[in-house]
Amino acid sequence: MDNDTLGSLFDLLPDAAVVIDSLGVLHAANATASELYGWTLEEWKGRNLLELIHPDDIEWAAASLGTVVDKDVGTAIELRLRARDGWRLVEVLGTPFEEHGEQRILLSARDLTGRRGWEVAGDDTELFRALMQNSASLTLLIDAAGIVTAASGALIRMTGRGPEQVLNRPLTEAVIPGDRDSLSDALQTLRAGDQRQITIEVVLNGAGRPAVPCQFSIVDLVDDPTVGGFVVSGHDISELRRARIELEHLAGHDALTALPNRARLVEELDRRLNSSDRRTTTLVAFIDLDRFKPVNDLYGHDIGDELLVSVALRLRNAVRGDDLVARFGGDEFVIVADMKNHDAPDVLAQRLHAALTPHFELSIGDVHLSASVGVVICDPSRDVETVLAEADAAMYAQKYNRRPSVQDRAVGARRELAERLTTALEAGEFVVHYQPIVALDSGAWVGLEALARWQHPERGLLRPDQFLDIIENTGQIGRLDTVVLAIVAHDMQCLRQATGATPGVAVNATAAEITHPDYPSLVAETLREGGIEADRFTVELSEREMLERTNRHGSTIPTSLAALADAGIHIAVDDFGTGYSSLTHLVTLPIDTIKIDRSFVAGVVHDPQRRSVIAALAGMAKNTNMTVIAEGIEQAQQIPVVRNLGCNLAQGFHFARPMPYDAIEIGYRTEAELREAITL
Ligand code: C2E
Ligand code: MG
Ligand code: MG
C-alpha cells in the first residue's frame, strides 16, 4: 500500500484518525479528525498528542501508548481530547506500523460525546426529564462562554420566563443588572481554574413578577465531556433573605415601635459626625415624655405600649423622611435631623411639641401628654456620646421639676377613676363648690373660691386630692378647668340675677393651663358669660407651679400672667409657704394676692418663727399693695393672731366650708352685706 492509497483510505475512514510517533508527536490527521476536533492539518502536525489530552487522562494514555509500542497490541481506551470548542470524550484504538523505518501508530478515535448524551437520555429519559422539570431547585447548564444550553422547569415557576427567553442567551441576562458583574466575575474565576465551584447570591429577573433572590452554586464541568460547561443549581432564598432582613432589622430596631433603636441611632449619629459633607448641619433632639409613667402605671403596660406606638408615629410624621427618629429607651426618643429640613433648632422643638399636643385616642379613651424637648446643633468635632449628653442636658433644662405623682397609692381604685374620667367630664359629673373668702375684721364674705368636686355616681362626692393628679397625669386638667370656668360663669350669672350683684370669684389653675394659648380667651368668655368684671376675678396659681415654671428657661409664665394682669384680672399665689420661693422673685411677677398655706397658718398660735415670717410677708405685701389671705382658719383663736400679723382676708372651715351653689345665697344674708362685700 503506497502512501497515497494510505492517504486516501486514511481520509475515507469514518472515524477520526491521526498518526503519531512513539513519542506522541503528530504526523498526520484525516479529514474527519480535522472536522471533529476543529484543528486544521497544519495545526495537527508537529504537535504532541499529549498536549491535547486531558491532564487527568495523560498518565493512562501514556501507559497505553507504551503498551502499543512495546507489545504491538492496542486496547481501546477512553480519554478526553481537547477540541477547538471544548473537550470531547473519545474511544481511541492504537495500531502500530512502520513508515520509512520509523515506528508510527495509527490512532483511530470514535467520538463518544454525543453517544453518551444519547445514552443518558436513552436510559433514563423519562426519569431524567421528570427530575429536571419537577425539582424545586433550579438547574441550568451553561457553556464555557456562559450561554444557557439547558434549563429545568423551576425556572418558569420562579421567574415566569419560558425556555425561549433563556436558552441560547447569556446567563447574565437572567439576573438583575446589579448582579451581572458579580455573576460574570464568578464565571471568570471558574474559568481561570482557581476554583471548581462557586456559590453566589443573585436576583433572578422575573417576567412580570417580583424578582426572585436565588443562591447559585456553579460547578465547573467544562472539562467533563458529557457536560462541557458549567452546571448551575439554584434555589429560591426569598424566605432566607426575609428572615435575614428581619434579623438585621431587629438588631437595629425597637420591637415595639419599629423605630431604629439606640444602637442604630449611635451608628447613624457617628456616620453623620464623621461625614465629609460639612455643608449639612445636624440637629439632635432629645425627647422625654412628661406623663408617660403615670399612664403606664394607671392603665397597665398594654396601654403604655399603645401610647408609645402612637407617639412614635407622631414623631415620625413630624419630621422629614431623611431625618432619623429613634427610640432611645423607655419614654425617651432621639431625633437626628438635617437642619435644612427645619430651619432652626427652635422650629424643630416647636414642631415636636406640636406633634405631641393633640390628645391620643387610645382604647381606654383620650390621653393627653406633654414632653420635654431639648434640641442641640451637632458639633462635628464631638463624639456621639458627648452630642447625646448635650441633647439630654438641653432636654433636662427644659423639663421643670414636676410634682411627684401619687401613683403608688391605691393604684387599682385610681385606675378605675382614670378610666371613667373622659366620660365623667362629658357627663357633667364635675361640679363646683364655693368656699367664701372673708374679711378678717368684719367676717363679711368678700369673695368665693371655686373648688372642683367630682360627683361620682358610686363613690359620692370626691375632692380634688382624690382625682386632681389623675387628671393632670392624663393631661386633661385643661378640660377640667374649662368645665369649672363654664360652671362658674353660669353660677355667677344666676347669683347676679338672684341678688343683683356679683361677688369676687377665684378659680384655680395650673401652669400648663395658664400658659396655654387658649387660656386668655377661655377666661374672657367666662367673664362675659358670667357678667363678671375683670377686677372681680382672680386666677390662683400655686407657688410651686409658679416657681417651677418661672425658673425654667424659656418659660412663658411671666408673659401669660402679664397678659391676664393687663386684662385687669387679679393673680393670686396659692399655697404660699410650700414652695420656698424668694419674695424678691415673686415681686417681679404681676401678683396682687398672696394666700398663705394652711400648713403655715396651722402653727401660727404656738410657733413664733411662723408668726415672724407672716409678719414680714404681710409687711411687704402692704408696701406693694398686695392682699394677704390666711388659708385654713379652723379655730377662732387663730383669727386675732393672723389679723394682728397683717392679714386682710381669710378662708377656713371656721368661717365656712366649701359649699354647693345653692348654699351661697343663704350665706349672703342681706343684699346690703353682699354689696358691701363686692365693694371691698
Ligand atoms: P386650694 O386652692 O389651696 O384650696 C383650698 C383647699 O383647702 C380646698 O381643698 C379647701 O377645701 C381646703 N380648706 C379650706 N379651708 C380649710 C380648713 O380650714 N381646713 C382644711 N383642712 N382644709 C381647708 P380642696 O377643695 O380639696 O382643694 C384642694 C386643692 O385642689 C386646691 O387647693 C386647689 O389647689 C386644687 N383645686 C381645687 N379645684 C380646682 C380646680 O378647679 N382647678 C385646679 N386646677 N385646681 C383645683
Ligand atoms: Mg386655691
Ligand atoms: Mg391653697
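**Exercise 1.** Is Asp-574 buried or exposed?

*Solution.* The model is predicted, with local features needing pLDDT of at least 70 and side-chain atom pairs pLDDT 80 or more, while totals for chains, interfaces and linings use all residues. Residues are numbered from 1 along each chain as its sequence is written, ligands are numbered from 1 in the order in which they are written, and side-chain values use heavy atoms, without hydrogens and water. Buried means under 20% relative accessible area, exposed over 50%, and partly exposed in between (1.4 Å probe, protein chains only). Asp-574 has a relative accessible area of 7%, so Asp-574 is buried. Asp-575, at 26%, is partly exposed.

**Exercise 2.** Find the protein donors of the magnesium ion (ligand 3).

*Solution.* Donors are N, O and S atoms within 2.8 Å of the metal (3.2 Å for Na, K and Ca); water is not among the atoms, so sites may look incomplete. In sequence, the donor residues follow the spacing D-D-x55-E. Asp-574 also coordinates the magnesium ion (ligand 2), 4.1 Å from ligand 3.

**Exercise 3.** Which polar side-chain atoms lie by ligand 1, and how much of the ligand does the protein bury?

*Solution.* A polar contact is a pair of N or O atoms within 3.5 Å. Gln-435 places a polar side-chain atom 3.0 Å from a nitrogen atom of ligand 1. For oxygen atoms of ligand 1, the distance is 2.9 Å from Asp-575 and 3.0 Å from Glu-631. Taken alone, ligand 1 exposes 790 Å² (Shrake-Rupley method, 1.4 Å probe), and the protein buries 86% of that.

How values were computed:
Polar contact = N/O pair within 3.5 Å; in protein donor to acceptor, adjacent residues only side chain to side chain.
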